[in-house]
Amino acid sequence: MNKTIGRRITAGLAGLTAAAGVGVASAPAAAAAPVPHYAALGDHLLLPPTIDGRCYGTLFVDLQTTADSDVVDVNFVPTGTYGSAPGCDVRVYAAGLSGVNPGAPIYATVSGGTTTVPIHAGRGLSLVSVSAVQPFGMGGGGYVWLAP
């Protein structure tokens with residue numbers, strides 16, 4: 001390849017990168033905000049891949065505030081085929097546990113993309129317990145703080 005074509009390709013890639021940056025910078029801010037929390041095992045539900053390799057990945061557990069100051073939205077976001085590909089559904093649960101509000105778990109199925117489960121955690125310090133029921137998964141829950 002000659003130098004002129006190489007320079008044009010480099011300039012074109014730089015232009016695309018700059019345009020992508022402008023698009024991201026001008027995107028509107030999301031209404032929800034991350035919830036301050038501590039998760040000992042991290043923010044992902046760790047799931048074992050299937051033997052045939054068709055289902056793999058983790059579920060990112062994203063905790064967001066809502067308009068109701070006692071409620072936390074638990075978003076299960078697929079990072080691979082688990083929860084996003086046909087036949088790779090994941091049955092999950094989430095529950096908020098505090099001295100004031102010992103909540104029962106809410107079950108949902110992550111299928112076809114991000115799934116949101118609202119949890120009435122109560123104000124102050126609460127434990128949000130999150131897990132995968134089928135297949136078995138580890139991690140994802142943690143302690144959250146909602147201002148009293």
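Analyst: Cys 55 and Cys 88 form a disulfide, with their sulfur atoms 2.0 Å apart. Please keep in mind that this is a predicted model, and that a search of the whole structure finds one disulfide.

User: Why is the link of Cys 55 and Cys 88 called a disulfide?

Analyst: The cut-off for a disulfide is a pair of cysteine sulfur atoms within 2.5 Å, and the sulfur atoms of Cys 55 and Cys 88 lie 2.0 Å apart, so the pair meets the definition. The angle about the S-S bond is -85°, and the link is left-handed.

User: How do you know whether Cys 55 and Cys 88 are buried or exposed?

Analyst: Buried means under 20% relative accessible area. Cys 55 has 3% relative accessibility and therefore counts as buried, and Cys 88, at 1%, counts as buried as well.

User: What makes strand 1 and strand 6 edge strands?

Analyst: The open sheet has five strands in the order 1-9-8-5-6, with antiparallel pairing. Strand 1 (37-38) and strand 6 (106-110) are its edge strands because each pairs on one side only.

User: Why is the aromatic pair of Tyr 93 and Tyr 107 called tilted?

Analyst: The count comes to one aromatic pair, and in this pair the ring centres of Tyr 93 and Tyr 107 are 5.8 Å apart, with 50° between the planes. Centres within 6.5 Å make a pair, while planes under 30 degrees apart would count as stacked and over 60 as edge-to-face, so 50° leaves the pair in the tilted class. The pair links distant parts of the chain, with Tyr 93 in strand 5 and Tyr 107 in strand 6, 14 residues apart. Tyr 93 is partly exposed, with a relative accessible area of 22%, and Tyr 107 is partly exposed at 46%.

User: What makes Asp 52 and Arg 54 a salt bridge?

Analyst: The definition asks for a side-chain nitrogen of Lys or Arg within 4 Å of a carboxyl oxygen of Asp or Glu; the side chains of Asp 52 and Arg 54 meet at 4.0 Å, N to O, and the contact is therefore counted as a salt bridge. A search of the whole structure finds one salt bridge. Asp 52, at 60% relative accessibility, counts as exposed, whereas Arg 54, at 44%, is partly exposed.

User: Which residues form the nonpolar patch on the surface?

Analyst: The patch is formed by Tyr 38, Leu 125, Tyr 143 and Trp 145, with about 500 Å² of accessible area together. Trp 145 is found in strand 9 (residues 142-146) and, at 44% relative accessibility, counts as partly exposed.

Methods: Residues numbered from 1 in each chain as written. Predicted model: local features only at pLDDT ≥ 70, side-chain atom pairs only at ≥ 80, totals over all residues. Heavy atoms only, no water. Buried < 20%, exposed > 50% of the residue type's maximum accessible area, 1.4 Å probe, protein only. Pairing = 2+ DSSP bridges. Helix = DSSP H or I, 4+ residues; strand = E, 2+ residues; numbered from the N terminus. Patch = residues over 30% accessible without salt bridge, like charges linked within 9 Å, V, L, I, M, F, W, Y side chains within 5 Å. Areas by Shrake-Rupley, 256 points an atom, 1.4 Å probe, with all protein chains shown as cover. Phe/Tyr/Trp six-rings, centres within 6.5 Å; stacked < 30°, edge-to-face > 60°.
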